[in-house]
Amino acid sequence: MSVIQRASVCTFDCPDTCSLSVTVEDGRITKVRGSEAAPFTAGVICNKVARDMSEFVHGPRRIRHPLRRAGAKGSGSFERISWDAALDEIHARVNAVMDRWGPQAVTPLNYAGPHGMLAGESMSARFFYKLGATQLYRRSMCGGVRSEAWAGTFGAVPGCPPELAADAALNVVWGNNATVTNLHLVRRIRQSKRNGGRLIVVDPLRTKIAEQADLHLAPLPGTDVLLAWALAAELERIGAFDQAFIAQHVLGFDDFMALARPWSTARAAAACQLQDEQIVTCARWLAEADPLVFAPGNGLERGRNGGSSIRALIALPALLGKLGKRSGIVLGASNAFPKTMARLQRPDLAPDGMRTLNLLDIGRYLANDSIDPPLRAVFIYNHNPVVVHPDQNRMRRGLAREDVFSVGIDVAMTESMAYCDIILPAATHFEYADLYPSYGHHWLQRAEPVIPPVGESLPNTEIFRRLAARFGFDDPAFVASDTELMDAAVDLEDVRASEIATDTALQMKGKDGRPLALFDNVFPATPSGRIELRSESLAQRWGQTALLPTWRVRTSDHPLMLISPASDRQISSTLGFTTAKPRLMMHPDDAAARNLADDADVRVCNERGEVILALEITDAVPPGVVASEKGAWLATSRTGQTISALVSADMRADLADGACFNDTLVEVTQA
Ligand SMILES: Nc1nc2c(c(=O)[nH]1)N[C@H]1C(S)=C(S)[C@@H](COP(=O)(O)OP(=O)(O)OC[C@H]3O[C@@H](n4cnc5c(=O)[nH]c(N)nc54)[C@H](O)[C@@H]3O)O[C@H]1N2
Ligand SMILES: Nc1nc2c(c(=O)[nH]1)N[C@H]1C(S)=C(S)[C@@H](COP(=O)(O)OP(=O)(O)OC[C@H]3O[C@@H](n4cnc5c(=O)[nH]c(N)nc54)[C@H](O)[C@@H]3O)O[C@H]1N2
Ligand code: SF4
Ligand SMILES: [Mo]
């Protein structure tokens, strides 16, 4: 038996981007552990990756060869075909669509499965540009709100490295289920706590990290902007502001404070369902803390006030002047990497006048034909739209249409693949080379394949190379090798990307040779060069109401707010192998008012859908709020719908046209 150890990197949509050590026995992956290559992740990985990689790569859900649909859409009935037959059929069907409707009737439908730059979006982008297909604005699905809020306020720069959390006197984890979603940050926070540092968690849920907090504030979802304003007002009242820093570096102080001052701690406490005393204590600890580190997650971006909430909370360290070598905000890590996206993706290959649609609107356009030309051919890759999109039922209606031709490219037979006419088998990240920046730390990594592609699968890059050849695209851009793509992906000073050693990670550094940190060796890159609490650029992009943080009240006929945090067993829907029924967390008062018993099956519904979940009565959620993890597969549900069916796809956050997963109102009854 041959047993070898190979270096790799975790590709999943997770801020940690861990370095891995993979055990391969007779060509099969049998074990995955953390490696020391990336000092930030240093030998530690999450349970789900340690447990599931063998099944992800070699398990029964793995797609091993091209398939053609042999039953109704969604039924999952397929027959094996050859690569040639698959490419021929795609070519013929897509050409027929383009002859009738033009190339914009073709659209990619992709998101964030693999986070390597090549598999993520490289040759695929070139292909769709050249085709003249519809382009997608994708940041609305996740992260766009937070990064717009960040870039509008500080510019597209990195904040502080997450390593700073280890030495913080106070860490503030806000809307961030870090134990589950950002475990290496938590390791740094524990280090700080061992040295006497404090931890504040702001989250409607009593998450694991909230249980470890010295102070846990559980505001109602969507009210964080009020909490942040009240904190700003209270900090001003107790004289905690750094006036010199503000005068030199902050733009829009007066406008911001005019919004904040009316929110006394008492008024905000009532609106946020908090206690006055908690806000006062929080402000005092912020004032005392040095160094201070903020780590805002994605949870609070997913609502109508998401952008405003993030802008208001990241203003606090600025008003305190606590940014620099030791204090900062753990955001903007993607900006640490010198990516050269135009070289990698080649938008210059596109014809003039292509249209761009918001990813969140694709379900509507597919279902209702409410756009001209309509969408008649879709390529689903790196994405599981049926499970993850808001308004799931509408997305399914769209993908179920017989007159829409769909191509699916995935590693796993997902419930979205089941809607496709042709499926192409994708290689996993253990089967191709790729380059890995991170969105949670500043270390760049490269990986080589650890095993050859399983079955007839191919890397995304090669699949799109073959598609391009079949469509007759003869530009040299379409024969670029993976090595050439890698070298086109980033612009590094000392080394070619394709030559980065696989057993080390490359730290992104400032000109002074030290780690990048805002107000140490990086400065705001806003139009004014200052921290813009008032942002003309955000107003230009997202409308005049985005000039300053604003507060929009929720209105609905339904009494309970449903939020959907990340699960510790899977990454969005990836690795969701279990068919166990997901749970709905509900406060005892709400359960009593509805006569619901623990562990009972309950019906969660609104005008868009209905889901049956198992009830968990717990005071880990506040009254008025219910929670159920994102990413459950349809097969877990008796109604064939999951909580994404309850989420509006038309409601948008105040920045980035962002999805409002956590702004969902529902009623819950006995099933
Ligand atoms: N294990 C695991 N890890 C993951 C993922 C996964 O599915 N599983 N997903 C990955 C992806 S795609 C992402 S985007 C990140 C996201 O990771 P996080 O940033 O942790 O985001 P969420 O889990 O969406 O929500 C975080 C917390 O926000 C809280 N929250 C919800 N609404 C509000 C609000 O209005 N205000 C406040 N203050 N808090 C609120 C939720 O209760 C939750 O505990 O994690 C990545 N990592
Ligand atoms: N209800 C609810 N829904 C949500 C959210 C929520 O808060 N609530 N949050 C949302 C968030 S934060 C996000 S980021 C989105 C995530 O939405 P998606 O990006 O669609 O995430 P996944 O469900 O993980 O699907 C990724 C797919 O990529 C595939 N894949 C992995 N590696 C490769 C590869 O190398 N090649 C190919 N071709 N495929 C590969 C996986 O097998 C998987 O099927 O979901 C959103 N959905
Ligand atoms: S999912 Fe996240 S924590 Fe788990 S191994 Fe991958 S990068 Fe690390
Ligand atoms: Mo996400």
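This is a predicted model: local features need pLDDT of at least 70, side-chain atom pairs count only at pLDDT 80 or more; totals for chains, interfaces and linings use all residues.
View 1. S572 takes part through its backbone, where a polar atom is 2.8 Å from an oxygen atom of ligand 1.

**View 2. The shell of residues around ligand 1.** How many residues lie around ligand 1, and which come nearest? There are 34 residues around ligand 1, and those that come nearest are D203, D224, N298, Q570 and S572. Sorted by class, this shell holds 14 nonpolar, 13 polar and 7 charged residues.

**View 3. Ligand 2 and its polar contacts.** A polar side-chain atom of N460 is found 2.9 Å from a nitrogen atom of ligand 2. Backbone atoms take part as well: a polar backbone atom of N384 is 2.9 Å from an oxygen atom of ligand 2, and a backbone N or O atom of I409 is 3.2 Å from a nitrogen atom of the ligand. Alone, ligand 2 exposes 920 Å², of which the protein buries 98%.

**View 4. The shell of residues around ligand 2.** Which residues come nearest to ligand 2? They are H383, D410, Y432, S573 and T574, out of 28 residues around this ligand. The shell consists of 13 nonpolar, 11 polar and 4 charged residues.

**View 5. Helices α9 and α11 packed against each other.** Two packed helices are described by the angle between their axes and by the distance between those axes. Helix α9 spans residues 224-237 and helix α11 spans residues 253-260; the angle between them is about 105 degrees, and their axes are 8 Å apart. Angles of 65 to 115 degrees count as roughly perpendicular, so α9 is roughly perpendicular to α11.

**View 6. The residues where α9 meets α11.** From α9, the residues in the contact are W229, A232, A233 and E236. On the side of α11 they meet F253, F256, M257, L259 and A260. What classes do the residues of this contact fall into? The contact of α9 with α11 has 8 nonpolar residues, no polar ones and 1 charged residue.

Note on methods: Residues are numbered from 1 along each chain as its sequence is written. Chains are lettered from A and ligands numbered from 1 in the order in which they are written. Side-chain values use heavy atoms; hydrogens and water are left out. Axes are lines fitted to C-alpha atoms, for helices over the stretch in contact, and angles run from 0 to 180 degrees between N-to-C directions. Helices (H or I, at least four residues) and strands (E, at least two) are DSSP runs, numbered from the N terminus. Angles under 35 degrees count as roughly parallel, over 145 as roughly antiparallel, 65 to 115 as roughly perpendicular and the rest as oblique. Contact means heavy atoms within 4.5 Å. Ala, Val, Leu, Ile, Met, Phe, Trp, Tyr, Cys and Pro count as nonpolar, Asp, Glu, Lys and Arg as charged, and the others, Gly among them, as polar. A residue is near a molecule or strand if one of its heavy atoms lies within 4 Å of it. A polar contact is a pair of N or O atoms within 3.5 Å; within protein, one must be able to donate a hydrogen and the other to accept it, and residues adjacent in sequence count only if both atoms are side-chain atoms. Accessible areas come from the Shrake-Rupley method with a 1.4 Å probe; for residues, only the protein chains shown count as cover.
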